[in-house]
Amino acid sequence: MKTYSTTAALRAALNTERRAGKTVAFVPTMGNLHEGHLRLVRRARQYADIVVVSIFVNPLQFGANEDLSNYPRTLAADKEKLFAEGAQYLFLPQVEEIYPEGMDSHSKISVPELSDEHCGASRPGHFTGVATVVAKLFNIVQPDTAVFGEKDFQQLSVIRKMVRDLCMPIDVVGVATARAADGLALSSRNGYLSAEHRQIAPVLHRVLQECREAIACGYDSYCKLEQHARSSLNQAGLKADYFNICDTRTLRPATADTEEVVILAAAKLGSTRLIDNVTLNVNSSADWGMLAAN
């Protein structure tokens with residue numbers, strides 16, 4: 001695995017690979033890699049000859065009171081894991097390489113509507129930071145395929161729309177959420193959880209599953225389901241941020257015409273913010289209105 005810290009050096013290496021007829025898949029990360037990230041690398045290997053992984057903790061997507069300075073950085077362990085998974089290139093830029101004139105004067109990309117609600121409402125400017133850095137990384141790496149986790153469902157939706165809107169010739173692939181045995185979605189921020197909070201954290205996924213099952217059984221009062229779910233989270237010791245039943249295409253509230261539903265949720269547990277989601281397909285042609293759950 002070769003490591004580069006500058007755009008020029010990485011581009012030169014990848015241009016050599018392309019001249020040899022190789023295809024490129026890209027996995028952008030912020031490091032502190034876990035099994036969820038490694039699944040993305042494995043999937044990327046299925047799509048292309050060359051796998052490029054980036055590790056960059058992007059300050060543009062962090063709010064003023066968020067955990068940028070404390071975000072876990074485990075570079076030595078990350079490198080070992082990527083090498084073991086067969087990644088050929090690691091892009092490890094400094095902030096000055098990505099934002100050479102500073103973030104305030106840097107051009108920014110905004111993806112309207114999909115960015116506005118859910119995490120976008122709770123973290124103003126977050127998705128502008130995400131879209132901007134991902135677009136820049138795409139232009140640096142110029143991949144044929146880019147691979148992202150479905151745990152960050154809204155982020156994946158934003159990136160897919162950006163790629164479509166800006167006519168980027170990139171196939172964006174989503175990979176199912178990696179989970180611990182008790183259902184907790186794997187996340188770099190799980191390391192912030194105390195032992196007590198780690199026991200409570202799987203409640204978020206359990207409440208999502210219960211809501212999905214209720215819809216699968218024909219319960220279609222989505223507002224009441226959302227209210228009940230938020231109450232259940234709060235009673236378990238989490239502080240619900242949002243719990244929204246949405247159309248997967250628009251991330252707007254699901255309606256009777258919605259064909260595929262995503263249930264998006266975020267909650268605070270101590271100082272740790274957890275996010276998760278589940279999806280289901282509405283089969284309106286079935287007599288019982290059942291759903292094929294993912």
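L251 counts as buried, because its relative accessibility is 3% and the cut-off for buried is under 20%. The model discussed here is a predicted one.

**Residues with a positive phi**

- L251 is not a glycine, yet its phi is positive, at about 60°.
- The position of L251 is in the loop that links β7 (239–247) and β8 (260–269).
- N32 is likewise not a glycine and has a positive phi, of about 50°.
- The loop between β2 and α2 holds N32.
- N32 counts as buried because its relative accessibility is 16%, where the limit is under 20%.
- G218, which follows α9, has a positive phi near 105°.

**Helix α2**

- Helix α2 covers residues 35–47, which makes 13 residues.
- From the first C-alpha of α2 to its last the distance is 19 Å, close to the 18 Å expected at 1.5 Å a residue.
- The buried residues in α2 are G36, H37, L38, L40, V41 and A44.
- An α-helix has 3.6 residues a turn, so residues three or four places apart point the same way.
- The cover over the buried residues of α2 includes the strands β2 (24–29), β3 (50–55), β5 (145–149) and β6 (171–175), together with helix α3 (75–85).

**Helix α9**

- Helix α9 runs over residues 203–216 and has 14 residues.
- At 1.5 Å a residue, α9 should span 20 Å, and this agrees with the 20 Å between its end C-alpha atoms.

**Helices α1 and α6**

- Two packed helices are described by the angle between their axes and the distance between the axes.
- The axis of α1 (residues 7–19) comes within 9 Å of the axis of α6 (residues 126–141), and the two cross at roughly 50°.
- On the side of α1, the contact is made by T7, L10, R11, L14 and R18.
- On the side of α6, the contact is made by N139, I140 and V141.
- The residues of this contact comprise four nonpolar, two polar and two charged.
- A9 also lies in helix α1, and its relative accessible area of 28% makes A9 partly exposed.
- A9 and G86 are 77 residues apart along the chain, and their C-alpha atoms are separated by 20 Å.

**Cysteines**

- A disulfide is a covalent bond between the sulfur atoms of two cysteines.
- How many disulfides does a search of the whole structure find? The search finds zero.
- C217 is in no disulfide, because its nearest cysteine sulfur, that of C211, is 12 Å away, whereas a disulfide needs sulfur atoms within 2.5 Å.
- C217 counts as exposed, with a relative accessibility of 66%.
- C246 is in no disulfide either, and its nearest cysteine sulfur, that of C211, is 11 Å away.
- C246 is buried, with a relative accessible area of 1%.

How values were computed
Residues are numbered from 1 along each chain as its sequence is written. This is a predicted model: local features need pLDDT of at least 70, side-chain atom pairs count only at pLDDT 80 or more; totals for chains, interfaces and linings use all residues. Side-chain values use heavy atoms; hydrogens and water are left out. Helices (H or I, at least four residues) and strands (E, at least two) are DSSP runs, numbered from the N terminus. The expected span of a helix is 1.5 Å times one less than its number of residues. Buried means under 20% relative accessible area, exposed over 50%, partly exposed in between (1.4 Å probe, protein chains only). Contact means heavy atoms within 4.5 Å. Axes are lines fitted to C-alpha atoms, for helices over the stretch in contact, and angles run from 0 to 180 degrees between N-to-C directions. Ala, Val, Leu, Ile, Met, Phe, Trp, Tyr, Cys and Pro count as nonpolar, Asp, Glu, Lys and Arg as charged, and the others, Gly among them, as polar.
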